[in-house]
Amino acid sequence: MTRSLMGELGEIRLLARILFAEGRLANLQGRTDDATRSYLDLMRLGDAMGENARDAETQAASTTGVSQATERIAALLRQQGEAAAEVA
């Protein structure tokens with residue numbers, strides 16, 4: 001039971017890393033909408049992990065993922081605001 005749970009957590013963490021990397025790549029390529037979508041998916045994943053967390057380590061990992069995604073989305077919004085200000 002413990003091994004299968006650890007395996008599932010490893011897969012979920014891998015998915016979280018992929019979503020984070022996908023968002024970062026999209027941002028670097030100027031695809032803000034895609035980046036935001038990836039970070040929102042990461043937030044949803046972290047939120048779901050937190051709701052189902054059975055131990056402190058899983059809860060902490062979920063909180064960290066949500067926090068990182070929130071920071072990235074805030075940065076994207078700032079960039080969009082700055083770009084809009086330059087156009088105006």
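Colleague: How many salt bridges does the structure hold?

Modeller: The structure holds 3 salt bridges. Bear in mind that this is a predicted model.

Colleague: Fine. What does aspartate 34 pair with, starting with arginine 31?

Modeller: Arginine 31 and aspartate 34 form a salt bridge, and their closest N and O atoms are 2.8 Å apart. Aspartate 34 also meets the side chain of arginine 37 in a salt bridge, again listed at 2.8 Å from N to O.

Colleague: Where do arginine 37 and aspartate 34 lie?

Modeller: Both lie in helix H2. They are 3 residues apart, which is about one turn of the helix.

Colleague: Is aspartate 34 buried, exposed or something in between?

Modeller: Aspartate 34 has a relative accessible area of 28%, so it is partly exposed. Arginine 31 is partly exposed as well, at 34% relative accessibility. Arginine 37 has 48%, and therefore also counts as partly exposed; the cut-off for exposed is over 50%.

Colleague: And what does arginine 44 bridge to?

Modeller: Arginine 44 forms a salt bridge with aspartate 41, with 2.9 Å between the closest N and O atoms. These two residues are both in helix H2, 3 residues apart, or about one turn of the helix.

Colleague: Is arginine 44 buried or exposed?

Modeller: Arginine 44 counts as exposed, because its relative accessibility is 52% and the limit is over 50%.

Colleague: Changing topic. What is the secondary structure of the chain?

Modeller: The chain has 3 helices and 0 strands. Along the sequence the pattern reads α-α-α.

Colleague: Which residues make up the largest nonpolar core?

Modeller: That core has 10 residues in all: Ala16, Leu19, Ala26, Ala35, Tyr39, Leu42, Leu45, Ala69, Ile73 and Leu76. The elements giving two or more residues to this core are helix H1 (2-28), helix H2 (32-51) and helix H3 (56-87).

Colleague: Which one gives the largest share?

Modeller: H2 does, with 4 residues.

Colleague: Pick leucine 19. What is it in contact with, beyond its sequence neighbours?

Modeller: If neighbours within four places in sequence are set aside, leucine 19 is in contact with Ser38, Asp41, Leu42 and Leu45. Leu42 and Leu45 are listed in the core together with Leu19, while Asp41 takes part in the salt bridge with arginine 44.

Colleague: What about aromatic pairs, how many are there?

Modeller: The count comes to 1 aromatic pair. Phenylalanine 20 and tyrosine 39 form this pair, which is tilted, at 6.0 Å centre to centre and 55° between the planes.

Colleague: Which parts does that pair tie together?

Modeller: Phenylalanine 20 lies in helix H1 and tyrosine 39 in helix H2, so the pair ties together parts 19 residues apart in sequence.

Colleague: Is tyrosine 39 buried or exposed?

Modeller: Buried, because its relative accessibility is 1% and the cut-off for buried is under 20%. Tyrosine 39 is also one of the core residues.

Colleague: Over the whole chain, what share of residues is buried?

Modeller: Buried residues make up 23% of the 88 residues in the chain. The chain exposes about 6,200 Å², and carbon and sulfur atoms supply 55% of that area.

Colleague: Last one. What share of the contacts with a separation of 6 or more comes from residues 24 or more positions apart?

Modeller: Such residues account for 56% of those contacts in the chain.

How values were computed:
Residues are numbered from 1 along each chain as its sequence is written. This is a predicted model: local features need pLDDT of at least 70, side-chain atom pairs count only at pLDDT 80 or more; totals for chains, interfaces and linings use all residues. Side-chain values use heavy atoms; hydrogens and water are left out. A nonpolar core is a set of buried Ala, Val, Leu, Ile, Met, Phe, Trp, Tyr and Cys residues joined through side-chain atoms within 4.5 Å. Buried means under 20% relative accessible area, exposed over 50%, partly exposed in between (1.4 Å probe, protein chains only). Contact means heavy atoms within 4.5 Å. Accessible areas come from the Shrake-Rupley method with a 1.4 Å probe; for residues, only the protein chains shown count as cover. A salt bridge is a side-chain nitrogen of Lys or Arg within 4 Å of a carboxyl oxygen of Asp or Glu. Rings of Phe, Tyr and Trp (its six-membered ring) pair if their centres lie within 6.5 Å; planes under 30 degrees apart count as stacked, over 60 as edge-to-face and the rest as tilted.
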